[in-house]
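Let's take a friendly walk through a protein model, one neighbourhood at a time. Keep the 3D view open and look up each residue as we reach it.

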Amino acid sequence: MLNWLRKKQQHDPDDLVEERWKTSFSRLSRRRFPPREEGHGYKASQEKGALQLQLTRKNVFAWVTDPLYRYRDLYLEADIRIPDGNGYSAAGFLLRYIEDGGYYYFLVSNHGYFRFDLVFNDSPMTLIPWTPAPLPEKGLLRLGLIARDDSFVFTINGEWVGEFSDDNLHSGRIAFGGQNYGESDHAEFLLEKLDLNSIPIEVEAAYYRWARVQDPPRPRRIALAESLHGIGHFAAALVQLRRAFSQGAPGRDEYFLFAECCLQLGLFPEALTAIEECLKIDPDYLQAVREKANLLYMENRFLELKDYLREQVEKFPDDEMIWNLLGHGEFGVGNWENAADAYTRACGINSGIPLLFVNAARARERMGDSGTALSDYMTAAGLYFAEEAYFDLEGILPAIRELAGDSPELRALEAKVLFGREDYEKAGEIFEALIREGYEESSVLFLHGTLLAMKGRRHEAVDFLFQAAQAEPDYYLYWLKLADNLHALGLDALDEAEKARSLAPGNQWALNLTGLLRAQKGDLSGARELLSAALAAAPEEEEIQANMAYLISLEEGPEAGIAYLDNLGAWAGKSHALLNQRANLLVSRGDLDGAVRLYEKVIRMAPENRDYRMNCAAACLKVDMISRAEELYQEVLEEAEDPAAMTGIGNCAWMKSEFLRAETAYTEAIRIRPGISEAHENLIELLITRRKFPEAEEAITAAEKALPEPGRRFLLLKQRFQDAAYDSYCCSSCGREWREAKSNDPVPPLRLHGEPPPDAPAGKCEQCGRVYCVSCASQRLENSRFVCECGGYLKLNDPALRRIILRKIGES
């Protein structure tokens with residue numbers, strides 16, 4: 001009786017608690033989750049006998065936390081309902097939740113898969129990737145989770161599905177969570193029942209029941225092992241396979257998976273035993289034949305390897321790896337010529353693997369065939385370069401140096417290695433010297449152009465990139481890099497991008513650039529097709545995501561593009577590329593202050609990126625932050641001669657009424673890159689505004705030579721110049737035109753006598769304003785005076801008309 005009267009022990013919310021808590025979320029149930037909660041992209045509430053979690057946009061992961069108590073070991077059972085109206089989505093729990101930077105999470109999808117992950121110090125780590133699981137029964141999932149020390153066990157609908165060991169996090173809160181993927185803008189999850197038990201003896205009993213006493217279905221262990229092997233958890237996969245093998249005899253694929261795990265863990269004898277069992281079941285299983293040969297090679301059993309593969313090459317004559325391993329066997333016993341023949345046979349089957357040529361070259365060296373060895377090494381070097389495998393390229397340099405001596409080819413390879421080490425200054429010096437000496441191999445031209453572009457000298461870079469593409473027209477990367485730099489210069493690059501795409505149809509970067517260029521030309525449907533294909537090939541590439549946001553803004557407006565970026569969730573918040581694109585769209589929307597703030601954040605995240613500083617400077621100018629804009633442009637110019645930044649300096653000077661400085665900056669920008677239209681146009685407008693008409697006319701002439709296809713602004717400026725600098729007239733009858741520079745110099749009154757030149761103006765009618773030439777006006781004379789069609793007399797009252805006729809008389 002006294003125990004019943006005692007006050008229930010109170011715990012601090014941060015205590016580690018041993019308890020059992022059950023709830024069905026009815027009105028009478030004990031509630032711990034917040035009754036309502038709302039955040040960016042989600043909202044949660046307790047109603048209708050469930051904890052309801054709604055996700056209101058695509059690609060969002062959100063959760064609602066139980067604010068009471070922390071747990072170490074626990075056994076949790078829950079009923080979760082995933083409505084049929086959801087798109088691809090998943091629900092589950094966060095365990096040992098510390099803060100946003102530390103927790104485990106277990107999710108089950110409505111497509112019939114589960115996963116288990118750890119987030120530690122804000123870094124996600126997959127422990128179990130998506131693995132087959134029972135599907136929801138009428139939308140209902142019955143989840144079971146056991147956390148005991150460093151062991152975790154998972155059940156779904158009363159069936160064991162997985163287990164894992166990890167000791168990174170030891171205790172924390174629980175949370176109900178959900179993930180919405182890219183199929184639908186909305187997802188909903190209902191937590192209908194929850195039974196949480198953290199009493200140690202009861203957790204222990206549950207753990208031993210599911211992890212030690214009750215054998216799970218064998219296919220579940222095999223599926224888990226395959227998933228763990230797929231992400232490199234070989235020891236954990238091996239544990240599952242051993243337990244599965246104790247439940248029944250393995251098949252061919254299971255033996256092979258076991259051997260693969262043993263091989264990765266260095267257990268070569270066990271791996272070889274498993275492969276032998278695999279081959280007993282299927283002697284013609286090519287992967288197992290390769291693996292057995294590989295294991296013999298790794299154990300230095302060269303004689304057995306050679307004898308075994310001499311039989312196998314008759315069954316698999318077109319497999320390059322079998323021939324390569326046969327070469328290893330022959331090489332291992334000193335049969336250099338046989339080894340070289342086997343390696344060469346492998347090269348003939350697949351000429352795209354550099355290691356095959358390296359192996360052949362080493363065998364040829366041992367034979368004393370230096371010429372063929374050097375040729376094979378050089379082929380391997382070219383393939384390594386194409387793969388950007390500079391470390392491997394460096395590895396064969398000593399052999400090439402021994403065979404080739406000091407040659408342009410060797411120096412080019414050394415420069416490529418320096419490029420791969422990011423020692424760009426030394427690499428550039430060698431490339432420049434080679435080109436000066438007349439060595440114009442395509443990769444040398446390409447890398448030299450790439451280095452020039454990295455220094456901001458794109459107008460020079462495109463010349464070398466074009467030469468590289470012409471020298472090796474079937475290599476997509478040369479065309480892609482050329483297109484990228486032409487686009488950065490503001491020039492038409494669609495043909496070059498299309499060429500790159502035709503050579504590499506599935507390459508995400510060729511698809512991405514071509515899609516962007518099509519979007520900028522107004523081909524939105526074509527752009528969407530290409531950018532969608534690029535995203536399918538590389539769904540997490542930020543640059544492609546940014547371009548898709550730009551396309552959406554063209555299709556539906558800036559708000560839609562911003563919403564697309566926001567749907568990327570926290571990822572977009574940590575990505576400077578996506579934040580930069582969001583700032584670009586804010587500019588399009590007219591939110592310049594917001595854009596500047598976001599650009600400044602992006603600059604802090606990636607201070608080395610020139611484009612971000614240029615974007616921020618342009619936005620600063622629009623909100624009259626002239627000093628900040630000028631500071632950013634100067635930073636860019638300190639790194640390299642950049643015509644766009646120099647144009648920006650001119651814009652800043654103009655806004656500060658420093659006209660001579662502005663004129664000098666525009667002129668300098670044109671010197672750096674004669675084809676920069678903005679600098680030409682700004683200079684012309686400045687000169688017109690300051691009524692420096694002779695200089696403006698020279699600037700217009702220079703622009704017409706430098707800009708093969710002048711834009712609309714240039715044409716409008718040219719017309720403005722004509723209107724401001726010249727008086728123009730046109731004969732109302734025949735269309736003859738006259739133009740005369742405006743002048744304030746006085747012109748004496750003039751009366752025509754005799755026969756004035758027929759192409760001279762006869763005068764202007766002061767009644768209707770028509771102007772006629774002498775030839776047309778001669779058809780209507782009255783009292784020896786020129787008369788207009790309306791009956792008014794033509795007069796020479798305009799000083800400009802008098803100047804024109806005086807000039808015509810002087811010319812005649």
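## Salt bridges around Arg252

Asp253 and Arg252 join their side chains in a salt bridge, with an N to O distance of 3.0 Å. Before we go further, please keep in mind that this is a predicted model. Asp253 is partly exposed, because its relative accessible area is 45%, and values between 20% and 50% fall in that class. Arg252 also counts as partly exposed, at 26% relative accessibility.

Arg252 has another partner: Asp282 forms a salt bridge with Arg252, and their closest N and O atoms are 2.8 Å apart. Where do Asp282 and Arg252 lie? Asp282 sits in the loop between helix H6 (268-281) and helix H7 (286-298), while Arg252 belongs to helix H5 (residues 252-264), so this pair ties together parts that are 30 residues apart in sequence. With 21% relative accessibility, Asp282 counts as partly exposed.

## A link between two helices

Now look at Glu276 and Lys292, which form a salt bridge whose closest N and O atoms are 3.1 Å apart. Glu276 lies in helix H6 and Lys292 in helix H7, so the pair ties together parts that are 16 residues apart in sequence.

Are these two partners buried or exposed? Glu276 is partly exposed, with a relative accessible area of 31%. Lys292 counts as buried, because its relative accessibility is 13% and the limit for buried is under 20%.

## Salt bridges in the whole structure

How many salt bridges does a search of the whole structure find? The search finds 58. Some charged residues are joined in a network of salt bridges: Glu498, Arg501, Arg518 and Asp523 are linked in this way.

## A patch of negative charge

On the surface, you can find a patch of negative charge where Asp484, Glu540, Glu541 and Glu543 gather. Glu540 is exposed, because its relative accessible area is 65%, and the exposed class starts over 50%.

Let's turn to some buried residues, starting with Ala427. This alanine lies in helix H15 (residues 424-436) and is buried, with a relative accessible area of 0%. Leaving out residues up to four places away in sequence, Ala427 touches Ala415, Leu418, Phe419 and Leu451. How far apart are Ala427 and Gly792 in space? From C-alpha to C-alpha, Ala427 and Gly792 are 80 Å apart, and they are 365 residues apart in sequence.

Next comes Asn547, which is placed in helix H22. Asn547 is buried, with a relative accessible area of 10%. Its contacts, not counting residues up to four places away in sequence, are Asn512, Leu516, Leu531 and Gln581.

Ile626 is found in helix H28 (residues 626-639). This isoleucine is buried, with a relative accessible area of 16%. Which residues does Ile626 touch, not counting residues up to four places away in sequence? Ile626 touches Leu621, Cys652, Met655 and Lys656.

Finally, let's look at the backbone. Arg96 has a phi near 50 degrees, a positive value in a residue other than glycine. Arg96 lies in strand E7 (residues 89-99) and is buried, with a relative accessible area of 3%.

Ser657 is not a glycine either, yet its phi is positive, at about 65 degrees. Where does Ser657 lie? Ser657 is in the loop between helix H29 (643-655) and helix H30 (659-672). This serine is partly exposed, with a relative accessible area of 49%.

Note on methods. Residues are numbered from 1 along each chain as its sequence is written. This is a predicted model: local features need pLDDT of at least 70, side-chain atom pairs count only at pLDDT 80 or more; totals for chains, interfaces and linings use all residues. Side-chain values use heavy atoms; hydrogens and water are left out. Patches are made of residues with over 30% relative accessible area and no salt bridge: like charges are joined within 9 Å, nonpolar side chains (Val, Leu, Ile, Met, Phe, Trp, Tyr) within 5 Å. Accessible areas come from the Shrake-Rupley method with a 1.4 Å probe; for residues, only the protein chains shown count as cover. A salt bridge is a side-chain nitrogen of Lys or Arg within 4 Å of a carboxyl oxygen of Asp or Glu. Lys and Arg count as positive and Asp and Glu as negative; His and the chain ends are not counted. The place of a charge is taken as NZ of Lys, CZ of Arg, CG of Asp or CD of Glu. Buried means under 20% relative accessible area, exposed over 50%, partly exposed in between (1.4 Å probe, protein chains only). Helices (H or I, at least four residues) and strands (E, at least two) are DSSP runs, numbered from the N terminus. Contact means heavy atoms within 4.5 Å.
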